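This report is a guided reading for someone meeting the structure for the first time. Please keep the sequence and the 3D view at hand while going through the sections below.

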Amino acid sequence: MFKRLSKYWWCQILGWGAYAFLYFFFGYFFDFLGTSMLIHVLEVVVLGILITHAFRAIIVKFKWIEKPFENVAIYFFFGILVCAALDSFLLTCLAWLINPSHLEFDFNNYWLKVIFQQTVFLALWAVIYFMWHYVEESRNSQLGQLKLEATVRTLELKTIKSQLNPHFIFNALNSIRALVDENPRRARTAITELSNILRNSMQADKAETVSMENELSIVKDYLALENIRFEERLKVQYDIDPETLELPIPPLMLQTLVENAIKHGISREVNGGLILIGSHVHDMQHEITIRNTGQIIENLNGNGFGLASTRQRLGLLFGKRASFEIYNLDKATVEAKVLMPLL
């Protein structure tokens, strides 16, 4: 039975029960505990529960809690006055009926005395009721907002990844296609490299971040495939701090930036060029740099799916604590720099 009682009824029972307990406590110590006082307390508790329950029914029916605070304050103010007047009137009528000498009973004075007391009690009840629902609604709203943001964030990440993978695979397949007739042995090796890339890529889709070491292995296989197409025109150097290999980064981010360096840099140079991949920790931030031969002719900061997706993923995972920028480092080199907080 008690397990089926709602929080509201538990609060009603405990609240009015505490009122009765305090009345008895002070009545016992100040020696005014008697039959009339017990009857009065019983009347106050029973009527208090009935009146406040009716008050709550009105609040729920007209959805006062959902209205603006200014309206709620006005509704509660007049609601408390009406309930207090009705409650005190009924208490006064009961007191008049119980009084053995009705002629000596001053109805008006007794009513005015009781109405003040009941207004205080009902105002306290209303404040507790309002605050409980306000806190509950605020907490539920925050939880709902967090769940919504988490869902949107997960969907956005999955959408970005699903767009990245085909782009990545098609470029790799184009590199292998040229080898099928010219160098079958190298083609078989390239297929093995592509298999490694696809396996790592599928595993990366299951997590929001991967280790720098894992991402670097994908990039090395990708560059090995691209080397088939560019041959001597593509040179690669690595400047990787071993301590950064276990740091988390967004999956396929490094590969996307390297692919961008080849597409907009190396492929446009007649003699090809160099790609330098760096990874270090500076000022409590993980700094990843990709330098490539070439120059930014158009504004790439806001264009291109690869660069846009890089900013999106960094923003979703790290917020404003991460940054990405790409610029001409000098007259012959472009640098893409990613800064991420250390988790």
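## The largest pocket

Among the elements around the largest pocket, α1 gives the most to the lining, with nine residues. The model is a predicted one, and in it this pocket has a volume of about 500 Å³. The elements that supply two or more residues to its lining are α1, which covers 7–29, and α4, which covers 107–177.

In total the pocket is lined by 17 residues, and those that lie nearest its centre are Cys 11, Gln 12, Gly 15, Trp 125 and Ile 128. Sorted by class, the lining of the largest pocket holds twelve nonpolar residues, together with three polar and two charged ones.

## Helix α1

Helix α1 is made of 23 residues, and from its first C-alpha to its last it reaches 33 Å, which is close to the 33 Å expected at 1.5 Å a residue. Which residues of α1 are buried? They are Tyr 8, Gln 12, Trp 16, Tyr 19, Ala 20 and Gly 27. As background to such a list, an α-helix has 3.6 residues a turn, so residues three or four places apart point the same way. Gln 12, one of the buried residues of α1, is also among the residues nearest the centre of the largest pocket.

## The chain as a whole

The chain contains nine helices and seven strands. Of its 343 residues, 36% count as buried. When the contacts in the chain with a separation of 6 or more are considered, residues 24 or more positions apart account for 71% of them.

## Two residues with positive phi

Most residues other than glycine have a negative phi. Lys 63, which is not a glycine, has a positive phi near 55 degrees, and its place is in the loop between α2 (35–61) and α3 (69–98). Lys 63 counts as partly exposed because its relative accessibility is 49%.

Asp 283 also has a positive phi, of about 50 degrees, although Asp 283 is not a glycine. Asp 283 is found in the loop between β4 and β5. Why does Asp 283 count as exposed? The reason is its relative accessibility, which is 74%, where exposed means over 50%.

## Tyr 75 and its surroundings

Tyr 75 belongs to helix α3, and with a relative accessible area of 32% Tyr 75 is partly exposed. Setting aside its neighbours within four places in sequence, Tyr 75 is in contact with Trp 64 and Lys 67. Tyr 75 and Ile 59 are 16 residues apart in sequence, and their C-alpha atoms are 9.0 Å apart in space.

Notes:
Residues are numbered from 1 along each chain as its sequence is written. This is a predicted model: local features need pLDDT of at least 70, side-chain atom pairs count only at pLDDT 80 or more; totals for chains, interfaces and linings use all residues. Side-chain values use heavy atoms; hydrogens and water are left out. On a 1 Å grid over the protein atoms alone, a cavity is a set of points where a 1.4 Å probe fits but cannot get out, and a pocket is an open set with protein on both sides within 12 Å along at least five of seven lines; lining residues have an atom within 4 Å of a point. Grid points are joined across faces, edges and corners, and a volume is the space filled by probe spheres set on the points. Helices (H or I, at least four residues) and strands (E, at least two) are DSSP runs, numbered from the N terminus. Ala, Val, Leu, Ile, Met, Phe, Trp, Tyr, Cys and Pro count as nonpolar, Asp, Glu, Lys and Arg as charged, and the others, Gly among them, as polar. The expected span of a helix is 1.5 Å times one less than its number of residues. Buried means under 20% relative accessible area, exposed over 50%, partly exposed in between (1.4 Å probe, protein chains only). Contact means heavy atoms within 4.5 Å.
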